[in-house]
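Welcome! Please have a look at the sequence and the fold below, and then we will walk through a few of the features together.

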Amino acid sequence: MPSTVLYIRHMVCSKCILVMRELLVELGLVPLRVELGEVELLGAADAIDWPGLQQCLEAEGFALLDQLSPQQRVVEQIKEVIAGLLRNEPAALRSGHFSRLLSGRLQRRFAYLSDVFSATEGLSLEQYVVRQRVEAARCLLRDGTLPVGRIANTLGYSNLGHLSRQFQRATGVSPSEYRRQCTASAQLLEKRLP
């Protein structure tokens, strides 16, 4: 039986994989494999209701990569590499390693990748990486189980001060203060619930 591979943008975490799998099953499709940014379906491409699939994907915040410009495809590939590095090799996001690694994985010069990303997204690759790392730190801080120093290590920062400076620049508060605010909000919410 033939299979069809789809490339999907905005799949950035394990939750996206679960949502995608459920969405495909609801559409009557049989997912053989669902990974970040890539889905393999049982059956030939001509058996798929492409407009219906696209509409459902867009409703969940996803989109087929085939409908993107070549520059947008490159940007989505970059974002997928960054998401993978953040999950599996966060130390590789340090500036000295990142440019070589990204160039190697996408088989393009870093200057080209950087220029395309900046032109398409309106921010530099470095700014995007910082945003992703800070967002990951926010999630870990809200969870409340890891010490801030361990979070810095987990996200590949060379030291706690580096995380703190980037976090404060992005959010306006220190990581410790952000955790205190989240804890206070959660406690207030618990008091309000019966």
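## The start of the chain

Where does Met-1 lie relative to strand E1? Met-1 belongs to the segment before strand E1, which spans 3-9. Please keep in mind as you read that this is a predicted model.

Is Met-1 buried or exposed? Its relative accessible area is 81%, and because the cut-off for exposed is over 50%, Met-1 counts as exposed. Met-1 also takes part in a nonpolar surface patch of about 420 Å².

Four strands make up an open sheet in the order E2-E3-E1-E4, and their pairing is antiparallel. Strand E2 (31-35) and strand E4 (63-64) are the edge strands, each pairing on one side only. Helix H1, residues 14-26, packs on this sheet and touches E1, E2 and E3. The direction of H1 makes about 155 degrees with that of E2.

In general, strands of a sheet pair through backbone hydrogen bonds, in a parallel or an antiparallel way. How many bridges connect E1 with strand E3? There are five bridges between E1 and E3 (residues 38-42), in the antiparallel sense. Within E3, Glu-40 stands opposite Val-5, and Leu-41 is the bridge partner of Thr-4.

## The E2-E3 hairpin

E2 and E3 run antiparallel and are joined by four bridges. Together E2 and E3 form a hairpin, with two residues between them. Gly-37 sits in the turn and has a positive phi of about 80 degrees. Across the pair, Arg-33 stands opposite Glu-40 in E3.

## Charged pairs

Side chains of opposite charge can pair when their charged atoms come close. How many salt bridges does the structure hold? The count is eight salt bridges. Arg-33 forms one with Glu-35, at 3.3 Å from N to O, and another with Glu-38, at 3.0 Å from N to O. Arg-33 is partly exposed at 23% relative accessibility, and Glu-35 is partly exposed at 37%.

A further salt bridge brings together the side chains of Arg-180 and Glu-177, 3.2 Å apart from N to O. Why are Arg-180 and Glu-177 separated by about one helical turn? Because they are three residues apart in helix H9 (residues 175-192), about one helical turn lies between them. Glu-177 is partly exposed, with 30% relative accessibility.

## Around His-10

One last stop is the loop between E1 and H1, where His-10 is found. His-10 has a relative accessibility of 36% and so counts as partly exposed. Which residues does His-10 touch, not counting residues up to four places away in sequence? The contacts of His-10 on that basis are Cys-16, Gly-61, Phe-62 and Glu-76.

If you like distances, here is one to check in your viewer. His-10 and Glu-89 are 79 residues apart in sequence, and from C-alpha to C-alpha they are 20 Å apart in space.

Methods: Residues numbered from 1 in each chain as written. Predicted model: local features only at pLDDT ≥ 70, side-chain atom pairs only at ≥ 80, totals over all residues. Heavy atoms only, no water. Patch = residues over 30% accessible without salt bridge, like charges linked within 9 Å, V, L, I, M, F, W, Y side chains within 5 Å. Areas by Shrake-Rupley, 256 points an atom, 1.4 Å probe, with all protein chains shown as cover. Salt bridge = Lys/Arg side-chain N within 4 Å of Asp/Glu carboxyl O. Buried < 20%, exposed > 50% of the residue type's maximum accessible area, 1.4 Å probe, protein only. Pairing = 2+ DSSP bridges. Contact = heavy atoms within 4.5 Å. Axes fitted to C-alpha atoms, helices over the stretch in contact; angles between N-to-C directions.
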